[in-house]
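Okay, thanks everyone. I'll talk you through one structure today, so let me put it up on the screen.

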Amino acid sequence: MRLPWRPLSGADWAAVCVLSGGSALALLSLLPEGSPLHVPQFAVGLAGKYLAYAILAVAVDLVWGFAGILTLGHAAFFALGGYAMGMYLMREIGTRGVYGNPNLPDFMVFLSWDHLPWYWYGFSHLPFALLMALLAPGALAGCFGWLAFRSRVSGVYLSIITQALTYALMLAFFRNDMGFGGNNGLTDFKDVAGANLHQPGTRAALLALTALALAFCLLASRAILGSRFGALLVAVRDAESRTRFIGYRPEHIKLLVWVYSALIAGVGGAFYVIQVGIINPGEFAPGNSIEAVIWVAVGGRGTLWGPVLGALLVNLGKTLFTGLLPELWLYALGLLFILTTLFLPRGVAGLWRAAKPAGAAEVTPEMTSADHEAVP
Amino acid sequence: MTAPIGTPATPSSLLYLDAVSVTFDGFRALNKLSLVLAHGEMRAIIGPNGAGKTTMMDVITGKTRPDTGEVAFRGVDLTRMDEPAIARLGIGRKFQKPTVFEHLTVRTNLLLSLKGGRQAFAALFARLTSDEAGRIEAILARTRLAPHANRMAGALSHGQKQWLEIGMLLGQDPELLLVDEPVAGMTDAETMQTADLLRDINRTHSVVVVEHDMAFVRALGVRVTVLHEGSVLAEGSVEQVSANPRVVEVYLGR
């Protein structure tokens with residue numbers, strides 16, 4: 001009775017919309033400036049930044065919405081991915097820096113270092129940097145998750161530890177002798193893979209690539225959540241001890257989704273830095289991780305498309321609001337979170353589901369596909 | 001009349017508890033409890049609140065570590081194993097409060113419980129086999145849940161959740177089933193159906209049932225162990241234990 005076709009899920013639609021929307025913006029930005037459909041450069045930059053944030057939101061939702069792990073430190077994985085990309089972009093500057101040193105980035109010359117630290121080796125190659133943008137967050141998440149989940153740390157305690165993790169990393173990256181540019185971080189990037197970062201063509205291509213990365217994350221996550229593993233995630237979220245008495249090890253299930261989520265966050269960070277043009281320790285600030293949780297809450301956790309919408313809406317709101325009343329933005333964000341929690345516990349996605357026939361409301365779109373798998 | 005308390009494990013014993021003690025903050029939940037269950041046996045455990053019934057289940061399934069004493073299943077020491085390891089060894093447990101996976105369908109609940117691979121990574125690539133599908137259908141029929149197969153488990157009635165949990169135990173197909181208050185909140189008709197189901201399950205599995213409902217215990221018609229203050233007060237048939245003056249005293253108060 002297996003369906004010969006599968007109806008497009010929310011995640012599929014989100015992937016299609018993100019990909020077509022991102023590419024359309026990118027193409028329109030290449031039109032001549034006089035054209036009525038021309039998209040200005042700042043809009044391309046903003047859109048790219050929002051999409052990178054949306055990747056982070058998907059990562060947060062995978063662990064919070066589907067596995068019940070409220071993370072307040074996911075920006076750490078995002079920032080690590082960003083630093084890996086930033087290190088490559090620093091090496092790409094070459095002799096065009098202020099000091100013109102062919103071997104060392106400017107900040108190292110400024111600190112009177114005479115050689116490149118070992119952990120900067122290899123970062124002049126883009127593929128290596130991309131690999132590290134995945135490996136660094138993945139390895140950190142692996143160590144952290146292995147220790148935390150096997151000790152059965154969960155709930156608010158885990159949330160606090162994740163917050164401490166990102167805070168500790170922020171303090172560490174602030175130090176000049178860490179070798180990551182200290183307070184100022186990494187910036188002044190010139191080009192990527194030989195293409196000038198300030199050319200409209202490069203920026204349009206980066207926007208389209210970010211959209212592609214987000215779409216890929218959505219589809220890969222949909223496949224994972226639709227598998228038997230996805231059903232296990234929901235089982236662990238809803239009745240963790242029960243899974244143990246059936247013979248599963250929830251710590252392994254959580255660790256797997258935790259590491260996968262960190263990899264996605266790292267990808268988001270890499271695309272963020274390349275388009276925003278700077279990465280500094282401020283990206284590890286605890287508030288950033290909390291903001292990501294708010295995007296997911298507003299959009300609707302437990303669906304894949306909700307967080308994407310939430311990240312785009314809240315950040316668009318932030319851009320508009322901070323332009324008008326910058327000092328009031330944090331209050332507005334706090335109020336938004338409180339109102340969402342009180343009146344829209346399932347976020348914007350919950351509104352959509354409420355509009356559908358009764359009964360369907362309890363099914364997360366992803367899980368219906370898992371159930372198709374269970375139908376012989 | 002009394003059970004062979006303190007006797008060493010014989011080849012016929014499946015579960016063997018000897019002088020097990022558990023203390024929580026000075027409260028002795030189990031006090032030198034000894035119990036032997038034979039292969040293929042069904043045993044009912046009764047006792048007033050606080051007698052240690054649930055703690056005994058916790059010790060057997062690895063949730064609680066005993067302070068002293070021996071717990072063995074098929075000769076394997078359980079006191080050093082955690083819950084998943086014990087479950088994989090062949091001990092299944094149904095909780096007092098039905099705990100099913102509310103946001104998954106009845107069918108998916110059963111699928112996750114089916115005996116087989118338990119590796120998280122392998123679950124990413126697991127495909128439903130026709131063997132698994134057949135086993136799920138059989139359990140659905142046996143637990144009368146076939147009409148509800150595609151409903152969310154959270155939408156089931158209390159009694160149906162109890163049956164789903166028993167169905168999940170069937171899927172797990174453990175050698176020993178520990179069943180904690182299976183008929184709590186059930187109608188009389190459902191209670192008798194459950195007794196029938198458990199007797200049926202007992203044909204191929206060993207079972208330990210904890211229950212307050214004496215009509216249900218009577219319907220099971222099996223050997224009864226009475227717990228009181230963490231140790232065994234009496235053991236025997238329903239008639240024997242209900243005629244025991246010490247049991248009457250404990251149940252009716254002094």
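So, salt bridges between chain A and chain B: in this predicted model, the rule picks out four of them across the interface. One to look at is Glu83(B) with Arg152(A), where the closest N and O atoms sit 2.9 Å apart.

Now the interface as a whole. On the chain A side, 33 residues are in contact, and they meet 38 residues of chain B. How much area is buried between chain A and chain B? About 3400 Å², with carbon and sulfur atoms giving 62% of that. If you want names from chain A, go to Arg228(A), Arg242(A) and Phe245(A): they supply 25% of what chain A buries against chain B, more than any other three residues.

Okay, let's go inside chain A, to a pair of helices. Helix 2 runs over residues 41-64 and helix 12 over residues 305-324, and their axes come within 8 Å, crossing at roughly 135°. That angle makes helix 2 of chain A oblique to helix 12 of chain A. As for the hand, helix 2 of chain A passes helix 12 of chain A in a right-handed crossing.

Who's touching whom? From helix 2 of chain A, the contact residues include Leu46(A), Tyr50(A), Ala54(A), Val58(A) and Asp61(A), and among those on helix 12 of chain A are Pro307(A), Val308(A), Leu312(A), Asn315(A) and Thr319(A). Sort the residues of that helix 2 and helix 12 contact by type and you get twelve nonpolar, two polar and one charged.

That's what I've got, happy to go back to any of it.

Note on methods. Residues are numbered from 1 along each chain as its sequence is written. Chains are lettered from A and ligands numbered from 1 in the order in which they are written. This is a predicted model: local features need pLDDT of at least 70, side-chain atom pairs count only at pLDDT 80 or more; totals for chains, interfaces and linings use all residues. Side-chain values use heavy atoms; hydrogens and water are left out. Axes are lines fitted to C-alpha atoms, for helices over the stretch in contact, and angles run from 0 to 180 degrees between N-to-C directions. Helices (H or I, at least four residues) and strands (E, at least two) are DSSP runs, numbered from the N terminus. Angles under 35 degrees count as roughly parallel, over 145 as roughly antiparallel, 65 to 115 as roughly perpendicular and the rest as oblique. A crossing is left-handed if the near helix is turned anticlockwise from the far one by less than a right angle, and right-handed if clockwise. Contact means heavy atoms within 4.5 Å. Ala, Val, Leu, Ile, Met, Phe, Trp, Tyr, Cys and Pro count as nonpolar, Asp, Glu, Lys and Arg as charged, and the others, Gly among them, as polar. Buried area is the accessible area (1.4 Å probe) that two parts lose on being put together, summed over both. A salt bridge is a side-chain nitrogen of Lys or Arg within 4 Å of a carboxyl oxygen of Asp or Glu.
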